[in-house]
Amino acid sequence: MPCYRCGVRQTDPAKGPSPWKRGIVSREMVLVCPECQRTHDWTADLDRCPSCGSASLSRALGETTCKVCGTVITEPGTPDPPAPRGAGAPGLAADVEAALAKTFHRDEG
């Protein structure tokens with residue numbers, strides 16, 4: 001993947017961690033080369049978390065997540081994810097409440 005600012009291709013470092021930085025721009029993961037990090041305010045272009053303002057975002061499987069506060073950033077125009085099975089079943093809360101009430105009344109008497 002090339003640097004999103006200048007287009008230079010990433011090379012493997014001789015030793016140690018890569019000097020390249022990752023970020024999210026327009027909901028896509030990008031890399032920034034060391035030269036662009038030195039000569040530009042490259043963080044100004046990064047997407048930010050709507051909850052905490054952090055630019056420390058990760059992107060996986062089409063989902064952007066803030067590494068600082070954990071907010072999942074949904075794409076505009078995408079439907080909400082489906083509810084887990086069993087969630088929102090009618091009467092579920094009432095059934096649970098009744099079972100708890102029976103349990104506690106039994107323990108008291």
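Which residue stands opposite Thr64 in E5? It is Ile73, in a predicted model where local features need pLDDT of at least 70, side-chain atom pairs count only at pLDDT 80 or more, and totals for chains, interfaces and linings use all residues. Residues are numbered from 1 along each chain as its sequence is written, and side-chain values use heavy atoms, with hydrogens and water left out.

The sheet is an open one, with three strands in the order E3-E4-E5 and antiparallel pairing. E3 and strand E5 (72-73) sit at the edges, each pairing on one side only. Strands (E, at least two residues) and helices (H or I, at least four) are DSSP runs, numbered from the N terminus; two strands pair if DSSP finds at least two bridges between them.

E3 and E4 are joined by four antiparallel bridges, and Leu57 has Cys66 of E4 as its bridge partner. The two strands make a hairpin with two residues between them, and Leu61 in that turn has a positive phi of about 50 degrees.

Buried means under 20% relative accessible area, exposed over 50%, and partly exposed in between (1.4 Å probe, protein chains only).

Leu46, in the loop between helix H1 (34-39) and strand E3 (57-60), is also buried, at 7%.
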